[in-house]
Structure formats: C-alpha cells, structure tokens
Amino acid sequence: MVRSFRPALLLMALLLAVTPGGLSAQDDASDPRAEARGLLRSGHYAEAIDAYADIVRAQPAASLARASMMEAMIATGAYEDAIELGQAAPEPALVAHLTGDALRAIGQLDAAAQAYRMGAASGARGELTAEVRLAELMFERGETDEAMRRFDGFIDVYNDANGNLPSWDLVAVGRAMRYLGRANPAYFQDALKAYDEASRSDPTWAEPYVLIGTLFLEKYDSPAAKEEFQTVLGENPNHPGALLGMAESLTFDGASEANDYFERLLDVNPVHERAHALIAMRYLRGENHGDAREAAQTSLDTNPNSLAALTAIAGSHLLLDDLASFRRVRAQVLDLNPHYGAFDTELAELMVMTRRYSHAVERASEAIELDSINWEAWGIRGMNQMRLGDIEDGRASLERAFAGDPYNPWFKNNLDLADTFERYRIHETDHFELFLHSTEDELLATYLAPIAEEAYTALAARYQSEPDLPVRAELYPNSADFSVRTLGEAGLGALGVSFGRVLVMDAPSAREVGDYNWASVFWHELAHTFHLALSDNRVPRWFSEGLAVHEQRNARRGWGHQANIAFLMSLRDDRLKKVSELNDGFMNPDYPQQVIHSYYQASLVFQVIEERYGFDVIREMLQGYADGRTTEELFESLLGTPITEFDDEFDDYMRDRFARPLAGLIQIAEPRPGPDDIEAMERFVLSHPGDLIGRLQLAVQLYRAERFDESEQHFRATLEIFPGFGGVDSPLWFIAQIQHKRGDLADAAQTLTQLTAISESHYRGMITHSEILAELGRQQESADALGRAVLVWPYEMSLHERLAELHFELGNAPQAATERAAVLALDPVDRAEALYLLAVAQREAGEPGEARRSVMGALSIAPNYEEALEFLLSLRGTGS
C-alpha cells in the first residue's frame, strides 16, 4: 500500500527558506515611540514599560503605545497591570484584545470573552485579532461548533482582501486556519502561508515566526520549529513565545536542554501558566509527584482554570491509583470544556511514558469519545494496541489517524511497517510466539527458542509468577524497523523494548558484528515482561531497568552492563543520580551518557538489596507497586530504611567498591603528553604511576610500537588500578594478543577467559579464545567459547561448521545437529552436502525420521550423491 505523506509542510518550508525578512530593526531610534518599540521587540520589557508609560501619560489616547505597553506587561506576567491599563483606556475597545489576553491568562474566562467581543466589534486595528481570540476561547471552553463557524469566516476575510491584509490580520487568519486544519489538513498550508505573508509584511515582528515554529512543531518537525524560534531569540532572547517553543521542541526531542529554556522563560515571566504545567508533566514522566504537583499548583495559582495544569494534577492521581481524585479533577476539566479530548490524550501519552500501555489505550479511547477527530488520540490508541499485540485493531486505528493527519510520520511509519508483517514467520514454543523475518527465521529460531524457554523457566521460578501468554517476541533485521515499532520513527538507540506480553528488539543482523549480545538483551527484555506483570505495569523505570540488568548478570557470568572509565568519571564528579532520584537518570538525564550509566548504577542497587535482604524482598517490592505503594514506602517498610538514608549507604558502597579506579582517576594538574610522544609519556607515568588514563595511554602506545613486553607491564598496571576493565579495548585483550604472539597459549587462554567473563559481546575475543583452546586440545572448552560467540553473531557459516565438528568429535550429537541445521539455514553453496551432513548428525542424535527427510532433500538436489545414497541405504538397513 502506498500512502501519501505530507512531510511537515515541506513545500511551504521551502518557500519560507527563500522569503526575505529577518527581524532586523528599522525604526528611527531618535523617536521615543521607535525607542520604546525597539526595547519591546528586543526583550527589554521593563525598560519598554517605562518608555511606553511616559508616552501614555503624555498621550492617554495613544492606543498603539498603550497596546505595546500591555504586550510588555503580559510578556512578564504582569497580567493585573495589563488589565488595569486596558480598562483605563479612553477607548477600551481599541486594546480589548490584549485586555482579553490578560484576563484569559488569569482564568477570568467570561470577562475575557466579553473583552474579545468588545474588540471584535470595535472596527479598530485589533478587530480580527479579537475575533480569532474569541473563537479560540470558545474552542477551549467546548463551544466547538460556534468556534469553528467563526474560524471558517476567516476564509472569506482573506479571499475578500485580495492580498491587502496587514500583518496583524494575516496572523489572525493563520490562527483560524490552524484550527480548521483539524478537519481538513490542507488548511495547515494556508495557515503557514498567512504567517509567511505576515512576516514579510512586518519583518521585525516576532509573532509570525513564533507561530510558524509552533505549527512546525505541531506537525512533528522539531528542527524546522527550532530554527524559527532561534530566529526570534537572536533578536529578542527574552521572547516568551520563542522560549516556550524551544522548551517544547527540546522536550519533544527528549533533550535535557529543555530545562534551560524553561528556566529562561520563568526568569522573564515567573507566573507563566503553560510553562509550569509543562514542567509538571516533565516531573510526572519521572514519577516525581511532589515536584509535579507543586509546579501544577503554581500554574493554577495564576490561572485556576488552567486545563494543562489540571491535566497534570489528574495525571498524578492516575499514576498513584487515586481514581476518586482523578475522576473529580476530570469532571472539573470537562465542566470547563466538555469536549477537551486533550486531557485524555495527554494522559495517554503519560501512560506510555510510564509503560502502562493498556491504560494508554483506555485514555485514548476516552479522548476519542470526547472529540472524534482527535487524530492524535486515534494514533496513540493504534500504536498502543499494536504494542499490546492487538495488531489488526491497532492497524485500523492508525489508518483512521493517518487519514485525518497525513503529516504524522509515526502513524505512516507504523502502517508501512505493518504492511511488511507478511514477510515474517511465527515460530511457536511452549511460552512464546517468535516473530522472525523470513530471511533468517530458521537460523534465529534454532538458537532463540531454547534461550527463550530457558529464560522463561528461570524467571518464572525466581518471580514465582507468570505473565500473560504467549509472549510475543519480535526481532527486526532492520534497526530502523525496530525503532519504528517502538517509537514510530527511526533513531532509537536502544536494542530492545518490552511492552509486557510483547517484546521487540533488533535482530543480530540489524547491527554490526560484536555490537551486542542478542541473547543477553533478550533475557533483559523478558525480565521486564515479568516485572511489568508482577507490578501491574506500575514499576518505575529505574527499578525495572536496574533489576533487568541484575537478571542478565544472574543468568550468565559477564552478561549485562559493566563499569567503564566514563561511568567511573561520572561517579568521581558526583554526576550520578541518588537512588531516590534515579528515575530522572532515565527520564530526564543531565548529560548524554547518564541513561547508560543509570542502567549499571541501578543494577548495583539490586545487587546490594539481594545480597543484604534476599530476593524475596525484591519480589515483594514489585508486588507493592501493584498495590499502589510508592518507592519511598517500600524502602521504609521492606528494607527498614528511608530511601534518603539508603542514598548515603549506596554512595558509600559505590565509592568503596570502586576505590582503586577512583584513586586512579584523580584529576592531575599536569597535562598528559600527546599520543605520539612515548618518551614524554614514560616520564609522565613515572611521575604519576597511579594514573589510570596515563598508564593505559602508554600501554597502547608501546603496543603500537611493538614493544610488547613493556606494553604488557603497563596493561597489567592498568588492571591493578581497574581490575574490572572489560570491553572491546580492555587491557586483557591486548595482553592476550601479546601472549598469543609469544606462543604462551595457556596464558593467553586464561586471559581470554577473564576477558569474556566481563565482556559479553567481545566476538573477536571469543573466536580467538576458541582457536587457542583447540590448539591446546581443550575441545569442550573450545566448543563452549564458540557457543558464546553464536550469541553475539550467528551468521558466520564457518563458525557453525567448526562447532558442528567439535560437537561431533565430543559425542554431542544433538548439538552437532543443531549446528548443521544452522549451516543449512545460512544457505550454503553446496546445499546437498549440508543436508547430508545434517542427516548424519540427526541419525547420531537418535532422530532417524529427521535424518531420512534430510538425506532425501540432499538426493532431490543431487540424485547421484554417492555418500547420501549409501547413507539412505544404511538407514533402510537398520529399519529406520
């Protein structure tokens, strides 16, 4: 199916790219009005208010000066002053649209509507502005039909003007078109056109640029939106609309820099209602209810009728399972606007962020009941139906959403992905549906099925409960498809995601060799499935992520996140979150690597808890979340310590555990020499023998210079400082290669055993380890090492051939048959031989029926294949 996609108003974006304009000042600075206007438009609001006050005192009837002064007051949150100034005007109707804005900002909606009506009937400059503001207010109060009728009238306004509308009226037209776009997306283009014409009519006016940016953001084009907002901020760094737009765009992007723009906005306007409401929602995504309610209440203190703030309050009640309070607030919201579908849409998104996917479907469905053309709600419902495994209903909801909003890339991407599902095959096991691409399903199922069942059995015993069955596991050979299945767009950096009964992840083929251990990731995601089931999807993300990594390490030595130098430097610099704030490490990170660091940090929390209190306590904590208890309550009741005290205990534990590498990372005033100056580096290390980075740098330099004995000494010194140093560039890898070059095979094998015990995806290390063990005649260990390599990269045919030979030599016929089946799944050139060798292994494994089918397959390809014919006769001779 081919879907027509409108990518974020691209055509008009191209037009804007060549449109002249830019917010450069053009007024004569010697004119007091021009000076005041310059102060206003450059964001010097306090000075602008003073300058305009002088003008208004001298000329009370100067309506434009009065209006500009009111703009500055509204920008800084001086709403009462703006209202007083507007109502004191000789002709209040001339500034009534701004009086209405100020009244609306403090929740006096009836008075705001009255002011807008006065302005709309004034015949003055702000007439159309007041009219569109009135329609917007009606829409926000649920008077949808009347609001849409008024918006529709702006079509005639624009057409009848024959291109002669001033900038402020063009902005009013654009605002109206934006609302009409809900029912007909073509009007979004008209909105953008009107804003563009307004910006050309008055290049120094910020409003059109802010509205263009807002429209781009609403149509999911954050980069284009930020460009518009930055254009405004380049001339006026204090513009509230542009600061809010940047904060929202960065929130959309998931960037921590959003906090900076919120702070800047609140410096300009400390009582900005929407800013505080959005901050409240950010806190809720991290399940920080205290700060969320405080921010929402600050918003309500300004505007008691703030729908956004009330939505945040309701979200807190919903997350805490206080359904009576939730329903009370929802009733309050619907009393303000009976058709406010955004209430349930916003909460559906919140449910997604907190992994309550069935609740997201429920809330999105409620939003659709309130507003049947709420396309966002249709889309959220569809995406979450699919996340829950309800593929057909989800697809139908997404089709409806995309028909109404063809600009939404998530809707289209999910629908396009669903169109490819026919290329996948489902392999059923006792507890799973393995959804695998037809190009690799036989190979992956061979290995995934036993790992999946092993993981299920282990986790079911550990948690003493089971999730809904069957668990659907989807593996995508294209990482972009996995990302779309998860988020709706490409670019997700994760390897897997669990939605509960459905888990999705990159197939190993989606990544480069050695990028990750797919079996370890699968175990991690399945652990989430158990956590979500046991906690009724209420477990905080930090808890589940840390516990899942802990389960990886419990499953296999070396699996899961490990400490690295970047993590240790963050610990040294006090950049890691406290345990009580660890959810923010995932949901609102302070620096790019903090999410990864939080995985490992959180896993150590559970290592400590299990060692001190036993695993039963962890299971009881998960059950406590299902009962609606908070993390603070669970630490107090089950661990017997307030979480704030545990913060200090855990910090002590971390600094004790990593005391040696932390000592090796003490910052040194003397700069390290460059990477090409070995002699200088040797002198530096002699002066600073405990410096981890210096030792490592010198060891690598010496290795590259083939001074292997000296290099090994410094690599070993590095390991003395940081014994758990694993990963691709671990000193252990270099030491093993040095030992191998010297012919010290037993030592090299021992070093590689250490390396692979702390590096789950070191593919080269595993292969080399196997080869050395084979040279040493340690065949079983060699096979084990290759078996670990398969869990990183199962696509190398020679690996499976060698592993099949090893298992056959060792008498492990079932494993040999598995490997011969893998060779066949990789489509060898000599398929007949592959089938024959598979048949031999199957017979030895006690599967004569399978052996017969395989050898017959070989003979169907090569009828005169002598060894296969003899093998078939031998099968008949034994009665098989």
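How are helix 10 and helix 12 oriented to each other, roughly parallel or roughly perpendicular? Let's start there. One caution first: this is a predicted model.

Helix 12 spans residues 207-218. Helix 10 packs with helix 12 at an angle of about 15 degrees. Their axes are 11 Å apart. Angles under 35 degrees count as roughly parallel. So helix 10 and helix 12 are roughly parallel to each other. The crossing of helix 10 past helix 12 is left-handed.

Who touches whom? On the helix 10 side, we have Val 171, Arg 175 and Arg 178. On the helix 12 side, they meet Glu 207, Pro 208, Leu 211, Leu 215 and Glu 218. By class, that contact of helix 10 with helix 12 holds 4 nonpolar and 4 charged residues, and no polar ones.

Now the other neighbour. Helix 10 covers residues 167-180, and helix 8 covers residues 127-140. The axes of these two come within 8 Å. They cross at roughly 20 degrees. That makes helix 8 roughly parallel to helix 10. Again the pass is left-handed, helix 8 against helix 10.

Here is the contact list. Helix 8 brings Leu 128, Thr 129, Val 132, Arg 133, Glu 136, Phe 139 and Glu 140. Helix 10 answers with Trp 168, Asp 169, Ala 172, Arg 175, Ala 176 and Tyr 179. Sorted by class, the contact of helix 8 with helix 10 has 7 nonpolar, 1 polar and 5 charged residues.

Look at Arg 175 on your screen.

Next, charges. Side chains of opposite charge can pair when their charged atoms come close. How many salt bridges does the structure hold? The count is 53. Take one of them. Arg 149 and Glu 146 meet through their side chains, at 2.5 Å from N to O. Where do they sit? Both are in helix 9, residues 144-161. They are 3 residues apart, which means about one helical turn separates Arg 149 from Glu 146.

Last stop, the strands. Strand 1 is residues 424-428, and strand 2 is residues 432-437. They run antiparallel, joined by 5 bridges. Which residue of strand 2 is the bridge partner of Ile 426? That is Phe 435. A hairpin of 3 residues links strand 1 to strand 2.

To recap, helix 10 is roughly parallel to helix 12, and helix 8 is roughly parallel to helix 10.

How values were computed:
Residues are numbered from 1 along each chain as its sequence is written. This is a predicted model: local features need pLDDT of at least 70, side-chain atom pairs count only at pLDDT 80 or more; totals for chains, interfaces and linings use all residues. Side-chain values use heavy atoms; hydrogens and water are left out. Axes are lines fitted to C-alpha atoms, for helices over the stretch in contact, and angles run from 0 to 180 degrees between N-to-C directions. Helices (H or I, at least four residues) and strands (E, at least two) are DSSP runs, numbered from the N terminus. Angles under 35 degrees count as roughly parallel, over 145 as roughly antiparallel, 65 to 115 as roughly perpendicular and the rest as oblique. A crossing is left-handed if the near helix is turned anticlockwise from the far one by less than a right angle, and right-handed if clockwise. Contact means heavy atoms within 4.5 Å. Ala, Val, Leu, Ile, Met, Phe, Trp, Tyr, Cys and Pro count as nonpolar, Asp, Glu, Lys and Arg as charged, and the others, Gly among them, as polar. Two strands pair if DSSP finds at least two bridges between them. A salt bridge is a side-chain nitrogen of Lys or Arg within 4 Å of a carboxyl oxygen of Asp or Glu.
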